[in-house]
Amino acid sequence: MARVSGGKDSRVILAALTNVGARVSCRVYGIEGDPDVTLARRITGLVGAPLDVAAPPLADSGGVRRSGLQVLRDAGGVPPSEAHLLPFGLSDGESEDVTLTMGHWPLYKGGMAKKMKYGPGGVQAALYRKCSPYAGDALTAASRESIDAWAGSAIVGTELELLYQWALDFRSGRYLESHHTHYSSVTNLVYPLIDAEVAEVCNQMTMFTKVSELALFHAMMELNRDFALLPLDRGDWRFASNALYADLLSERRSAVASAVRLATDVAAPRERRSDTLIEVARETAASDTWSEIADLLSPPFAAAVQAFADGERVGAEYFQDMASAKALWRAYAATLWLSGDWLASPGRAG
């Protein structure tokens, strides 16, 4: 079972597996009209792989809190790499003889580097953006001090390489650890390209071939040309804005892309629906550990959580964008973990 979307990583996995003759079925999370679903249908159709469109199930029918506790319990207390996935079950009901495969490799895209040239202070600013904008002043200052200490000890050839080294040190293997913990506890989990292999290859590449995504594009062209020519769910290949590489995005790509129309007005996923978010806000604000977490957050964010929990309009407006909604989920995950209720048996917890 391959998890697919409209992005790059799942295309690499599906192309690699089908090229060696593996029998692959696929699943995409979303609803009809969602760009991920539209592209997943086109991608799987190109290789004749069956596709299941599904919504991730709650781990417990009792609601967000019981589901979050169950996921933490099943994963031995390891929170998911993305906090908004906290209430969803680790398994979609795959049988024991089904192997689940997925992938997430920031290294072959240059890590945190999004361009080749940063202005004075630009690399440091990019590193500082790893500190949450919703953190309080004391936590932000401590985080920046740690980042400066790490940057001062990192062995790199250029300042730009700090952005790749950050991903190598903190975003690749460590980021995937929670994936392993969560999914391997309920099903067979395999990565066709393991993180160490990706790192070994990417460490030999120049920053340009990674940041421009040229190496990744050529690799995908070799694996499955049609996959590479389809549009992406978010943005475009980074080299696409450079006229020198216009020949790589030929009329063939335009012809393929024109057959896929991506909607922009689809419904929000469950974890970002207003009814779900207000439940999360209320659970967060009512937690015995909320005051402890709130002291670490910026006053405007903490006030918005409380306002949202109290049903005030200003709170609801604050959490309409994806970044603030994800931050709310992180605060909730922290309060839930600190409560220790996930250590209790299901009958005794929340």
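## Burial and the overall picture

A residue counts as exposed when its relative accessible area is over 50%, as buried when that area is under 20%, and as partly exposed in between. Ala286 has 60% relative accessibility, so Ala286 is exposed. This residue belongs to helix H13, which covers residues 274-286.

The structure is a predicted model. The protein has 350 residues, and 45% of them count as buried. It holds 17 helices and five strands. Its accessible surface is about 17400 Å². Carbon and sulfur atoms own 53% of that surface.

## Contacts across the sequence

Take the contacts in the protein with a separation of 6 or more. Residues 24 or more positions apart make up 73% of them.

Leu230 sits in the loop between helix H11 (225-229) and helix H12 (251-257). Its relative accessible area is 0%, so Leu230 is buried. Leu230 and Leu39 are 191 residues apart along the chain, with their C-alpha atoms separated by 8.1 Å. Val78 occupies the loop between helix H3 (64-74) and strand S4 (99-101). Val78 is partly exposed, at 29% relative accessibility. Between Val78 and Thr181 there are 7.4 Å from C-alpha to C-alpha, and the two are 103 residues apart along the chain. Ala286 and Thr335 are 49 residues apart in sequence, and their C-alpha atoms are 9.7 Å apart.

## Nonpolar cores

In soluble globular proteins, nonpolar side chains tend to be buried together. Which residues have the most contacts inside the largest nonpolar core here? They are Val4, Leu14, Cys26, Leu107, Leu127, Leu163 and Trp237, in a core of 50 residues. Val4 shows some of the surroundings. Leaving aside neighbours within four places in sequence, Val4 is in contact with Leu14 and Cys26, and also with Ser10, Arg27, Val28, Ala40, Thr44 and Leu51.

Another core lies apart from the largest one. This other core has 31 residues, including Leu72, Ala281, Trp290 and Ala302.

## Aromatic rings

A pair of aromatic rings is described by the distance of the centres and the angle of the planes. The whole structure has 13 aromatic pairs. In one of them, the ring centres of Phe308 and Phe319 are 5.5 Å apart. Their planes meet at 20°, so this pair is stacked. Phe308 is part of helix H15 (residues 299-309), whereas Phe319 is in the loop between helix H16 (313-318) and helix H17 (322-339). The pair therefore ties together parts that are 11 residues apart in sequence. Both Phe308 and Phe319 are buried.

Phe319 also pairs with Tyr318. This second pair is edge-to-face, with 5.1 Å between the centres and 65° between the planes. Are its two members buried or partly exposed? Tyr318 is partly exposed, at 28% relative accessibility. Phe319 is buried, at 2%. Tyr318, Phe319 and Phe308 belong to one aromatic cluster with Tyr134 and Phe301.

## Charges over rings

Two lysines sit over aromatic rings. The charged end of Lys210 is over the ring of Tyr164, at 3.5 Å from the ring centre. Lys8 lies over the face of Trp237, at 5.5 Å from the ring centre. Trp237 is also one of the residues with the most contacts inside the largest nonpolar core.

## Cysteines

How many disulfides does a search of the whole structure find? The search finds zero. Cys131 has a relative accessible area of 9%, so Cys131 is buried. Cys202 is buried too, at 2% relative accessibility.

## A positive phi

Most residues other than glycine have a negative phi. Glu213 has a positive phi, near 70°. Where is Glu213? Glu213 lies in the loop between helix H9 (207-211) and helix H10 (214-223). Its relative accessible area is 2%, so Glu213 is buried.

Conventions: Residues are numbered from 1 along each chain as its sequence is written. This is a predicted model: local features need pLDDT of at least 70, side-chain atom pairs count only at pLDDT 80 or more; totals for chains, interfaces and linings use all residues. Side-chain values use heavy atoms; hydrogens and water are left out. A disulfide is a pair of cysteine sulfur atoms within 2.5 Å. Buried means under 20% relative accessible area, exposed over 50%, partly exposed in between (1.4 Å probe, protein chains only). Rings of Phe, Tyr and Trp (its six-membered ring) pair if their centres lie within 6.5 Å; planes under 30 degrees apart count as stacked, over 60 as edge-to-face and the rest as tilted. Helices (H or I, at least four residues) and strands (E, at least two) are DSSP runs, numbered from the N terminus. A charge sits over a ring if NZ of Lys or CZ of Arg is within 6 Å of the ring centre and within 35 degrees of the ring normal. A nonpolar core is a set of buried Ala, Val, Leu, Ile, Met, Phe, Trp, Tyr and Cys residues joined through side-chain atoms within 4.5 Å. Contact means heavy atoms within 4.5 Å. Accessible areas come from the Shrake-Rupley method with a 1.4 Å probe; for residues, only the protein chains shown count as cover.
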